[in-house]
Amino acid sequence: MIPLSAYVALSAILFMTGLLGVLIRRNFIVVLMSVEIMLNAANINLVAFSHYLDSMAGQLAALFIIAIAAGEAAVGLAIIIVVFRGQLATNVDQINLLKW
Amino acid sequence: MTFDLVLSGSDLLLLAPEIFLTVWLCVVLAIDFSIKNLDHENIAYLSVGGVIATLLNLLWFDYLGVTGTLFHDMFVLDRLAIFFKIFVLLSTVLVILSSIDYVKSFRFFRGEYYFLVMMSALGMMFMASAHDLLSVFVTLEFSTFGFYVLVAYLRDDVKSNEAGLKFFILGVFAAGLLAYGVSLVYGETGTLVFSEMAHTPGSYGLAIGFLMIFAALGFKIGAVPFHSWIPDTYHGAPTPVTAFLSIAPKGAAMAILIRMFYVALAAFKPTWVLLFVVASILSMTYGNIVAIAQKNIKRLLAYSGIAQIGNVLIGLAAGTKRGSDAILFYLLTYLFANLGAFAVVIGVGNLIKSDEIEDYNGLNRRSPFLAAAMLIFLLSLAGVPPLAGFIGKLYIFVAAIDQELYTLLAVGLINIIISMYYYLVVVKKMYINEPVDPSPIRVSIPIKTVIYVGLAGTLILGIYPRPFIEWVVAATLMFSNVTDMVAAALPHGSGG
């Protein structure tokens, strides 16, 4: 029997990986992947808690988060393609037209 | 672990406004696809008709006092939810009307624009009813998806693309924080429903979870540590979308914030009050000081919006029923003044194709109507009597005095003076400076309508606020015991 703390530790590590990825990596696609990792960290937490608390709500929430993550990827890639067509940019640093 | 979903017709009646709007926007999309060479203006008026019908339905619900919950407390319809739904739909109507001329400049996808606006409005209506962390997450993303596309709508405009990308990256980052925060709170409390969390003991997991949820909602309303996307997104987005973004999501997210902190976390009030005091002081001061340096009217209104949200947060820092009343009333005054000001910006921008403040030089000579309207909206945003903004600020400061938050009050008053400066710089340019190009600016009828509605709202809320104050007091009636809950929790409850 794997203890709950193991799941929580795994999800915390994944979440930190995603967080650092968003903050450090410069490529849009990698940033989008890092956000997906953050969402999946939340899913692991939800499913683990759902099992140990014997309550169904967490698993339901995980299903909804998976669906929304898919939608996010679709909208995000569309926006990234539009930006790439317009400015041939794939890095966060190259997008610097707007600033005060 | 069994689930039973029992729905009767009278339960579904609670969802009637949402169901009606869903059907209507599908019909609008189908008409746009199937009838060739249809003037998109008809699509706009069709959309306005549907949204107004939904609005009337909600007003009728409010009059009858229809309330109830659905889907295991995930969806709640009470007076507070009805208020925020009316708030969102009112701003949707005004935004669609002020979009009509702007959309004419699009080469493609004119009909879909209205569909996306209504879709976001639908998401925000559900946000106003969210009573569960799962529905908070789903509805927040639902409404934001529409905005991601709308902000990047001008496909050939690099500024719009860039604004869309920045908004998207920070938006999904906030969604990641929200999801992880929800999972932590679920682990600590074993439930997702707000009202069932009310009696859990405080712990670090709960505190970190709610801080993450607060960060995600702070991102939506643009409070200061989470504001970095606001100026760029507002600048690059199509102006009507900026107008929509500056008001409707803030109202809907504020509904969630009020519900979450007043219902789920009432017992920890001494802890979270500090959070809102800090966020409020930072937002007001930062927004107002940086606004002084702006050269673009959309960026000026973006920073002024950050400062206005600082004022709204004073109400949450008070954490009383009067605080929540004041928030609702303040948002109402902000809706009319801000959408009115954006309608003027759209009207001017459609003609001169520029949003620089320099180009407002001598607006009074070119269009006395637009200049006078802008003057009234800016003075209301600054809080000059007898306009709506004055009553709103007064109400919110009274709520702060009740709780003896004198520091917050002092910062708020100093900030009114700072904000007066940059609003009046715009006024000075409109009335005293000479125009470079003195040709008159013609305003189309839809934009005129929006400006008249804004003027009417700003003046009526300022001169005769009584019925509206009664309305917001009734809308937050369920929070009248929030102070008692804190008192009951204080002897043995420690902070979260």
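This is a predicted model: local features need pLDDT of at least 70, side-chain atom pairs count only at pLDDT 80 or more; totals for chains, interfaces and linings use all residues.
**Figure 1. A loop in chain B holds P385(B), between α17 (368-382) and α18 (388-402).** P385(B) is partly exposed, as 14 other C-beta atoms lie within 10 Å. P386(B) sits in the loop between α17 and α18 of chain B too. What is the form of the peptide bond from P385(B) to P386(B)? That bond is cis, and its omega is near 5 degrees. For comparison, most peptide bonds are trans.

**Figure 2. A337(B) is a buried residue of chain B.** This alanine belongs to helix α15 of chain B. Is A337(B) buried or exposed? A337(B) has 30 other C-beta atoms within 10 Å, and because 20 or more are enough to count as buried, A337(B) is buried. Leaving aside residues up to four places away in sequence, A337(B) touches F377(B), S380(B), L381(B), A388(B), G389(B), G454(B) and T458(B). Another residue to look for in this view is L387(B), which is 50 residues from A337(B) along the chain, with 9.5 Å between the two C-alpha atoms.

**Figure 3. Helices α14 (residues 297-318) and α15 (residues 321-352) of chain B pack with their axes 8 Å apart.** Two packed helices are described by the angle between their axes and the distance between the axes. Here the angle is about 170 degrees, which means that α14(B) is roughly antiparallel to α15(B). On the α14(B) side, the residues in contact include I297(B), L301(B), V312(B) and L316(B). On the α15(B) side, I327(B), Y330(B), L331(B), F342(B) and V345(B) are among them. Sorted by class, the residues of this contact are 13 nonpolar, 5 polar and 2 charged.

**Figure 4. Helix α14(B) also packs with helix α19 (residues 406-431) of chain B.** How far apart are the axes of α14(B) and α19(B)? The axes are 12 Å apart, at an angle of about 160 degrees. Because of that angle, α14(B) is roughly antiparallel to α19(B). The crossing of the two helices is left-handed. From α14(B), the contact uses L300(B), S304(B), A307(B), N311(B), I314(B) and A317(B). From α19(B), L408(B), G412(B), N415(B), S419(B) and Y422(B) take part. Together these residues comprise 6 nonpolar and 5 polar ones, with no charged residues.

**Figure 5. K353(B) has a positive phi of about 55 degrees, although it is not a glycine.** Most residues other than glycine have a negative phi. Where is K353(B) found? Look for K353(B) in the loop between α15 and α16 (363-366) of chain B. K353(B) is exposed, with 9 other C-beta atoms within 10 Å.

**Figure 6. In chain A, D54(A) has a positive phi of about 55 degrees and is not a glycine.** D54(A) lies in the loop between α2 and α3 of chain A. With 8 C-beta neighbours inside 10 Å, D54(A) counts as exposed. Buried residues account for 34% of the 100 residues in chain A.

**Figure 7. Chain A and chain B meet in a contact with 36 residues from chain A and 40 residues from chain B.** On the chain A side, α1 (4-24), α2 (28-53) and α3 (57-87) each supply at least two residues. Which helix gives the most to the side of chain A that touches chain B? That helix is α3(A), with 16 residues. The chain A side is made up of 26 nonpolar, 8 polar and 2 charged residues.

Definitions and conventions. Residues are numbered from 1 along each chain as its sequence is written. Chains are lettered from A and ligands numbered from 1 in the order in which they are written. Axes are lines fitted to C-alpha atoms, for helices over the stretch in contact, and angles run from 0 to 180 degrees between N-to-C directions. Helices (H or I, at least four residues) and strands (E, at least two) are DSSP runs, numbered from the N terminus. Angles under 35 degrees count as roughly parallel, over 145 as roughly antiparallel, 65 to 115 as roughly perpendicular and the rest as oblique. Two residues are in contact if their C-beta atoms, placed from the backbone, lie within 7 Å. Ala, Val, Leu, Ile, Met, Phe, Trp, Tyr, Cys and Pro count as nonpolar, Asp, Glu, Lys and Arg as charged, and the others, Gly among them, as polar. A crossing is left-handed if the near helix is turned anticlockwise from the far one by less than a right angle, and right-handed if clockwise. A residue is buried if 20 or more other C-beta atoms lie within 10 Å of its own, exposed if 12 or fewer, and partly exposed in between; C-beta atoms are placed from the backbone.
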